[in-house]
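Here's a quick briefing to read alongside the model. Have the sequence and the 3D view open as you go.

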Amino acid sequence: MSVKSCMFLLVVVATFLTVSCGESVSAPNAKSMTGSIIIGDVDWQDATEFDQSSSVRKNANAVADVQFSNGGRCTGFFVSDDTLMTNHHCIGAASDVVGMKVYMKHEKGVSKSNWEEVVCDEFIGNDETLDYAVVKCEGNPGQVYGKVELDVTQAVEGDSVYVVHQNCDYYTDGTCDWSKKVSQGRVVGFDEDVFYDADTLGGSSGSPVFNSDSNKVFAIHHAGYGGGWGGRGVKNAGVAMSKIVPHMQANFPSVLATRDDNNDDNNDD
């Protein structure tokens, strides 16, 4: 299966469900790695359930539904005024940006005509090992929708986290709308990745993983473990910003050099 953004058809109870692929990535224990998964009961919430003044809602505003010309989809988020980040397995090359659609308001109760598309058509770069990609967008949308703060601090097992992503439980309802969701959980371990038990599914690739105390992004979500390809499993996985940020500073310095970090209000409850 290709590790670029694409779609595969999964037959569940004789119904074809569209699922974004590219969730499996190279890792020492890749045989146990599957697509992003739900752990136990589905307990994510719509982003619209959070008060507009809350840190969670402010951070959610900076998260985007990223759709590709081949029918695949991922999640992305603004890391500066004009730069969107997602996974390398979503944007593996400049050609993947051609025809890409980025929607900021794909939320519950919002009609498609009001999803507020942003043009992000300039490929900056990526890294396969760290599974991240960055693209430049027109019009400084990070000033409009906000941008996340990146945290290079090492997470600690037991830390409370939340993931903001575009999804729905299409294993249960093949016609569901992948609106913006917030999944809460805790850090459950470490390896090459950081592991957490917040729910995701295919299409959540490229989502920001926030520390609930600091409301900063300490990892980018990219995979899940266990459960085969049935949408359920034992843990999800992200790549730590403590690895990604130094790589960006060395290889794509303009991304963070142009950042305006006056986001102190994101830390307000």
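This is a predicted model: local features need pLDDT of at least 70, side-chain atom pairs count only at pLDDT 80 or more; totals for chains, interfaces and linings use all residues.

A residue is called buried when its relative accessible area is under 20%, exposed when it is over 50%, and partly exposed in between (1.4 Å probe, protein chains only).

Numbering runs from 1 along each chain as its sequence is written, and side-chain values use heavy atoms, with hydrogens and water left out.

**Overall build**

- The chain has four helices and 17 strands, taken as DSSP runs (helices: H or I, at least four residues; strands: E, at least two) and numbered from the N terminus.
- Of the 269 residues in the chain, 58% are buried.
- Take the contacts (heavy atoms within 4.5 Å) with a separation of 6 or more: 67% of them are between residues 24 or more positions apart.

- The average pLDDT (the predictor's confidence in each residue, from 0 to 100) is 86 for the chain, and 83% of the residues score at least 70.
- Residues 1-31 have pLDDT below 50, though the model gives this stretch 85 contacts beyond near neighbours in sequence.
- Residues 262-267 also stay under 50, with 14 contacts beyond four places in sequence.

**Disulfides**

- There are three disulfides, counting pairs of cysteine sulfur atoms within 2.5 Å.
- C74 and C90 are one of these pairs, with sulfur atoms 2.0 Å apart. The torsion about their S-S bond is about -90°, so this disulfide is left-handed.
- C74 sits in strand 6 (residues 73-78) and C90 in the loop between strand 7 (83-86) and strand 8 (101-103), so the bond ties together parts that are 16 residues apart in sequence.
- C120 pairs with C137, again with sulfur atoms 2.0 Å apart, and 100° about the S-S bond makes this link right-handed.
- That pair links distant parts of the chain, 17 residues apart: C120 is in the loop between strand 9 (117-118) and strand 10 (122-127), and C137 is in the loop between strand 11 (132-136) and helix 2 (141-145). Both C120 and C137 are buried.
- C168 is joined to C176, S to S 2.0 Å. Their S-S torsion is about 70°, so the disulfide is right-handed, and both cysteines are buried.

**Aromatic rings**

- The model has five aromatic pairs, meaning rings of Phe, Tyr and Trp (its six-membered ring) with centres within 6.5 Å; planes under 30 degrees apart are stacked, over 60 edge-to-face, and the rest tilted.
- Among them, Y132 and F252 have ring centres 6.4 Å apart and planes at 80°, so they are edge-to-face. Y132 is in strand 11 and F252 in the loop between helix 3 (241-251) and helix 4 (253-257), 120 residues apart; both are buried.
- Y170 and Y171 have centres 5.1 Å apart and planes at 35°, so that pair is tilted.
- Y170 is buried, at 4% relative accessible area, and Y171 counts as buried at 15%.

**A lysine over two rings**

- The charged end of K235 sits over the ring of F195, 3.9 Å from its centre, and over the ring of Y225, 5.3 Å from its centre. The rule is NZ of Lys or CZ of Arg within 6 Å of the ring centre and within 35 degrees of the ring normal.
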